[in-house]
Amino acid sequence: MDAMLSPAELEILAGRFKILAEPARLQILAALRHQEHNVQEICAHTGLHQGNASRHLRLMRDAGVVACRREGIWRYYRVIDTELLALCPHLHPSSHPFEEQRTP
């Protein structure tokens with residue numbers, strides 16, 4: 001018989017799914033899947049405006065999905081919730097989002 005999740009565990013799980021429910025946050029997760037990047041690099045990859053990307057990154061940081069570090073004037077973000085990434089196997093599964101496009 002399967003064990004039932006407690007109300008507290010269900011609340012935590014629902015919060016994790018809320019993070020995934022926003023396409024912009026999925027784009028950011030895809031951009032950060034392989035390595036850390038600063039906001040400008042994330043914006044270049046996703047097409048998000050800096051303010052919008054920063055807002056989503058703050059929500060993701062508060063939820064424990066990403067962490068950031070300062071280096072001079074730059075903030076670099078990385079995914080720390082690898083279990084959340086495992087829920088999203090189709091976020092660029094076979095290529096790195098910042099790889100240069102090769103021309104034939």
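Reader: What percentage of the residues in the chain is buried?

Author: Of the 104 residues in the chain, 32% are buried. Keep in mind that this is a predicted model.

Reader: What elements does the chain have, and in what order do they run?

Author: There are five helices and three strands. From the N terminus the order is α-α-β-α-α-β-β-α.

Reader: Why is histidine 56 called buried?

Author: Buried means under 20% relative accessible area. Histidine 56 has 2% relative accessibility, so it counts as buried. It sits in helix H4.

Reader: What does histidine 56 touch, leaving out residues up to four places away in sequence?

Author: Histidine 56 touches Glu22, Ala24, Arg25 and Ile28.

Reader: What makes lysine 18 exposed?

Author: The cut-off for exposed is over 50%. Lysine 18 has 56% relative accessibility, so it counts as exposed. Its place is in helix H1, residues 7-20.

Reader: Why is arginine 16 called partly exposed?

Author: Partly exposed lies between the two cut-offs, under 20% for buried and over 50% for exposed. Arginine 16 has a relative accessible area of 22%, so it is partly exposed. Arginine 16 is also in helix H1.

Reader: How do you know that the side chains of arginine 16 and aspartate 81 make a polar contact?

Author: A polar contact needs a pair of N or O atoms within 3.5 Å. The side chains of arginine 16 and aspartate 81 are joined by a polar contact of 2.7 Å. The two residues are 65 residues apart in sequence, and 9.8 Å apart from C-alpha to C-alpha. Beyond four places in sequence, arginine 16 touches Asp81, Glu83 and Leu84.

Reader: Why is H2 described as largely enclosed by the rest of the structure?

Author: Seven of the 10 residues of H2 are buried, so the rest of the structure largely encloses it. The buried ones are Ala24, Arg25, Ile28, Leu29, Ala30, Ala31 and Leu32.

Reader: Why are H2 and H4 called roughly perpendicular?

Author: The label covers angles of 65 to 115 degrees. The axes of H2 and H4 cross at roughly 80° and come within 10 Å. The two helices are therefore roughly perpendicular to each other.

Reader: Which residues meet where H2 and H4 are in contact?

Author: From H2 they are Ala24, Arg25, Ile28, Leu29 and Leu32. They meet Ala53, His56, Leu57, Leu59 and Met60 in H4.

Reader: Which residues of helix H3 are buried?

Author: In H3, residues 39-46, the buried residues are Val39, Ile42, Cys43 and Thr46. They cover an arc of only 100° around the axis, so they are on the same side of H3. They pack against helix H2 (23-32), strand E1 (37-38), helix H4 (50-62) and strand E3 (74-79).

Reader: What caps the N-terminal end of H3?

Author: Asparagine 38 does. A side-chain oxygen of asparagine 38 lies 3.0 Å from the backbone nitrogen of glutamine 40. The asparagine 38 side chain also reaches the backbone nitrogen of glutamate 41, at 2.8 Å. Just after H3, glycine 47 has a positive phi of about 85°.

Reader: Why does asparagine 38 count as buried?

Author: Asparagine 38 has 6% relative accessibility, so it counts as buried. It is found in strand E1. Not counting residues up to four places away in sequence, asparagine 38 touches Trp74, Arg75 and Tyr76.

Reader: What makes cysteine 68 partly exposed?

Author: Cysteine 68 has 25% relative accessibility, so it counts as partly exposed. Cysteine 68 lies in strand E2, residues 66-71. Its C-alpha atom is separated by 8.9 Å from that of asparagine 38, 30 residues apart along the chain. Beyond four places in sequence, cysteine 68 touches Arg61, Arg75, Tyr76, Tyr77 and Arg78.

How values were computed
Residues numbered from 1 in each chain as written. Predicted model: local features only at pLDDT ≥ 70, side-chain atom pairs only at ≥ 80, totals over all residues. Heavy atoms only, no water. Buried < 20%, exposed > 50% of the residue type's maximum accessible area, 1.4 Å probe, protein only. Helix = DSSP H or I, 4+ residues; strand = E, 2+ residues; numbered from the N terminus. Arc of directions from axis to C-beta. Contact = heavy atoms within 4.5 Å. Polar contact = N/O pair within 3.5 Å; in protein donor to acceptor, adjacent residues only side chain to side chain. Axes fitted to C-alpha atoms, helices over the stretch in contact; angles between N-to-C directions. Parallel < 35°, antiparallel > 145°, perpendicular 65-115°, else oblique.
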